[in-house]
Amino acid sequence: MATSAVPGAIDALLTVLRAAPDLADVQVLDGPPVGDQSAQDYVAVGYQEGAEESVQMAQDFNAAGARTRDEDFDILCWIDTWTGDSDVSARRTRAFELLAVVEDAIRASGASPTAPTLNGTVQWAHLTNASLRQANTTDGVRAVIAFSVSCRARI
């Protein structure tokens, strides 16, 4: 019996996002970025800059008898986009375009009916909490969105 659905859910979220056609030219990272960060756009799963944790989770008994447990957790994620120019509006627009692709990828569709269950690893998952940050850097404007994918699983 698994003690948590978190590892499988993260792997499934990565699979779902990497299969999204509109993310084909975007790096989808497992955890924090390492090494070369020259990519103009990336989505990191299980990472938010400045956060101490990758996932926030809680469990409780499902019912009397303690045979199953419900697990609620938030997978922290990060979208980062920059081009080296000074167009704040364009970077903000691009960050929200990427967020929309992520949200669409985890919604049920004819082509992807199990996306909201992260391919069966959770009962449901959906995009929740997001915050936008914009910054002028020596490398140009940067826009980032920190967001969470909230999940419920029965273990």
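Modeller: A salt bridge here is a side-chain nitrogen of Lys or Arg within 4 Å of a carboxyl oxygen of Asp or Glu. The model is predicted, so local features need pLDDT of at least 70 and side-chain atom pairs pLDDT 80 or more, while totals for chains, interfaces and linings use all residues. Residues are numbered from 1 along each chain as its sequence is written, and side-chain values use heavy atoms, with hydrogens and water left out.

Biologist: With which residue does Glu-103 form a salt bridge?

Modeller: Glu-103 is partly exposed, with a relative accessible area of 28%, where buried means under 20%, exposed over 50% and partly exposed in between (1.4 Å probe, protein chains only). The closest N and O atoms of the pair are 2.9 Å apart, and the partner of Glu-103 is Arg-107.

Biologist: How many residues apart in sequence are the parts that Arg-94 and Asp-41 tie together?

Modeller: Arg-94 forms a salt bridge with Asp-41, with 2.9 Å between the closest N and O atoms. Because Arg-94 lies in helix H2 and Asp-41 in strand E2, the parts that the pair ties together are apart in sequence by 53 residues.

Biologist: Is Asp-41 buried or exposed?

Modeller: Asp-41 belongs to a network of salt bridges that links it with Arg-94 and Glu-97. Arg-94 is partly exposed at 22% relative accessibility. Asp-41 has a relative accessible area of 13%, so Asp-41 counts as buried.

Biologist: Which residue pairs with Arg-152 in a salt bridge?

Modeller: Arg-152 is partly exposed, its relative accessible area being 26%. With the closest N and O atoms 2.7 Å apart, the residue that forms a salt bridge with Arg-152 is Asp-72.

Biologist: How far apart in space are Ala-51 and Ala-146, C-alpha to C-alpha?

Modeller: Ala-51 is found in the loop between E2 and strand E3 (55-61), and at 29% relative accessibility Ala-51 counts as partly exposed. Ala-51 and Ala-146 are 95 residues apart in sequence, whereas in space the C-alpha to C-alpha value is 10.0 Å.

Technical notes. Helices (H or I, at least four residues) and strands (E, at least two) are DSSP runs, numbered from the N terminus.
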